[in-house]
Amino acid sequence: KLIFNNTHQFNHAFTGKNKQYRSKGMIINHTFDKKLYPTIKPPVDNKIHFVYVGHLDALRNAKSLLQSIHKLHQNDPQVYKKVCFEFYGHIDDSDKVYILDHDLINIVRLHPDVDYITSLSRIANADWTILIDANLNNKIADYIFCPAKLIDYIGVKKKVFAITQPSGATTDIINSVGCGQAVSHSPEEIYLYLSKIIYQKYNPIVYNDNKLMEYEAEKVARDFDTAVQKILNDRRIDGR
């Protein structure tokens with residue numbers, strides 16, 4: 001069997017001459033484990049805290065988001081009293097330079113990488129979590145990758161602000177689970193929704209618990225065991 005973590009990836013793999021192998025494919029979701037999350041202790045500074053946890057680089061970068069934050073700062077020099085963007089982990093050097101050059105250090109805070117359990121604590125205590133997918137619009141029509149951090153985000157029912165392609169695994173999860181707002185890589189669109197969140201208390205979250213449980217570790221483990229047992233049973237029947 002060939003294992004994929006979403007239907008977009010599955011369909012991308014089994015196109016053209018590879019269609020004949022579709023029966024060999026199976027989809028196993030990324031998972032979250034509720035037992036690993038800490039007690040939630042929200043910040044007490046009355047700011048809206050956006051938190052990103054993970055790796056950013058030249059391909060998957062924060063430039064569009066930073067451009068939007070810069071516009072917020074231009075239009076409201078006191079916006080740093082209302083909102084804070086926290087990044088934990090590696091960030092591209094060009095993004096660091098942009099933060100310094102555009103005087104965003106009071107709004108955007110950079111932190112070193114943290115271990116997985118600590119990252120769950122940072123996620124749990126955020127108001128909004130940030131997801132940034134690589135901008136592959138000119139390469140593939142659908143974003144075929146499912147970010148593991150998205151599943152960590154939804155495991156604690158966080159509001160997710162996802163910068164991604166209009167069609168793909170991330171957008172599917174955002175819409176089906178009801179966990180947040182998916183936007184394109186356009187700085188204008190990002191700015192629009194950040195403004196709605198900061199100034200209009202925009203909150204699109206309506207979690208669908210049934211869809212959410214499709215990513216819960218114990219359920220996915222049981223489904224995987226069932227799939228493996230079926231393969232073994234089929235082989236016994238075939239005499240192999």
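This is a predicted model: local features need pLDDT of at least 70, side-chain atom pairs count only at pLDDT 80 or more; totals for chains, interfaces and linings use all residues.
Figure 1. Thr129 touches Val51, Ile123, Tyr153, Lys158, Lys159, Val160 and Phe161, where residues up to four places away in sequence are not counted. Thr129 itself belongs to strand β6, which spans residues 128-132. Its relative accessibility is 0%, so Thr129 counts as buried. Ile69 lies 60 residues from Thr129 along the chain, and the C-alpha atoms of Thr129 and Ile69 are separated by 15 Å.

**Figure 2. Val83 and its contacts.** Val83 is part of strand β4 (residues 83-88). With a relative accessibility of 1%, Val83 counts as buried. When neighbours within four places in sequence are left aside, the residues in contact with Val83 are Lys47, Ile48, Phe50, Ile107 and Ile198. The view also takes in Asn46, which is 37 residues from Val83 in sequence and 8.6 Å from Val83 in space, C-alpha to C-alpha.

**Figure 3. Asn46, a residue with positive phi.** Asn46 sits in the loop between β2 and β3 (48-53). Its relative accessible area is 76%, and Asn46 is therefore exposed. Phi of Asn46 is near 65°, a positive value in a residue other than glycine. Most residues other than glycine have a negative phi.

Figure 4. Helix α3 covers residues 93-101, and its buried residues are Asp95, Tyr98 and Ile99. An α-helix has 3.6 residues a turn, so residues three or four places apart point the same way. On the other side of α3, the exposed residues are Asp93, Leu100 and Asp101. What do the buried residues of α3 pack against? They pack against α2 (63-75) and β5 (108-111).

**Figure 5. Packing of α2 with α3.** Two packed helices are described by the angle between their axes and the distance between the axes. For α2 and α3, the angle is about 5° and the axes are 10 Å apart. With angles under 35 degrees counted as roughly parallel, α2 is therefore roughly parallel to α3. On the α2 side, the contact is made by Lys63, Leu66, Gln67 and His70. On the α3 side, Ser94, Asp95, Tyr98 and Ile99 take part. By class, the contact of α2 with α3 has 3 nonpolar, 3 polar and 2 charged residues.

**Figure 6. Asp103, which follows α3.** Asp103 is placed in the loop between α3 and β5. Although Asp103 is not a glycine, its phi is positive, about 55°. Is Asp103 buried, partly exposed or exposed? Its relative accessible area is 48%, so Asp103 is partly exposed.

**Figure 7. Helices α5 and α6.** Helix α5 consists of residues 148-155 and helix α6 of residues 169-177. The axes of α5 and α6 come within 11 Å and cross at roughly 10°. The two helices are therefore roughly parallel to each other. Which residues make the contact? From α5 they are Leu150, Ile151 and Ile154, and from α6 they are Thr170, Ile173 and Ile174. By class, the contact of α5 with α6 has 5 nonpolar, 1 polar and no charged residues.

**Figure 8. Lys17 in a loop.** The loop that holds Lys17 runs between α1 (7-13) and β2 (25-27). Lys17 has a relative accessibility of 71% and therefore counts as exposed. The C-alpha atoms of Lys17 and Leu120 are separated by 42 Å, and these two residues are 103 residues apart along the chain.

**Figure 9. The chain as the setting for the close-up views.** The secondary structure of the chain comes to 9 helices and 8 strands. Taken along the principal axes, the C-alpha atoms fill a box of roughly 70 × 40 × 30 Å. The chain has 240 residues, and 46% of them count as buried. The chain exposes about 12,600 Å², of which carbon and sulfur atoms supply 52%. Among contacts in the chain with a separation of 6 or more, residues 24 or more positions apart account for 72%.

Note on methods. Residues are numbered from 1 along each chain as its sequence is written. Side-chain values use heavy atoms; hydrogens and water are left out. Buried means under 20% relative accessible area, exposed over 50%, partly exposed in between (1.4 Å probe, protein chains only). Helices (H or I, at least four residues) and strands (E, at least two) are DSSP runs, numbered from the N terminus. Contact means heavy atoms within 4.5 Å. Axes are lines fitted to C-alpha atoms, for helices over the stretch in contact, and angles run from 0 to 180 degrees between N-to-C directions. Angles under 35 degrees count as roughly parallel, over 145 as roughly antiparallel, 65 to 115 as roughly perpendicular and the rest as oblique. Ala, Val, Leu, Ile, Met, Phe, Trp, Tyr, Cys and Pro count as nonpolar, Asp, Glu, Lys and Arg as charged, and the others, Gly among them, as polar. Accessible areas come from the Shrake-Rupley method with a 1.4 Å probe; for residues, only the protein chains shown count as cover.
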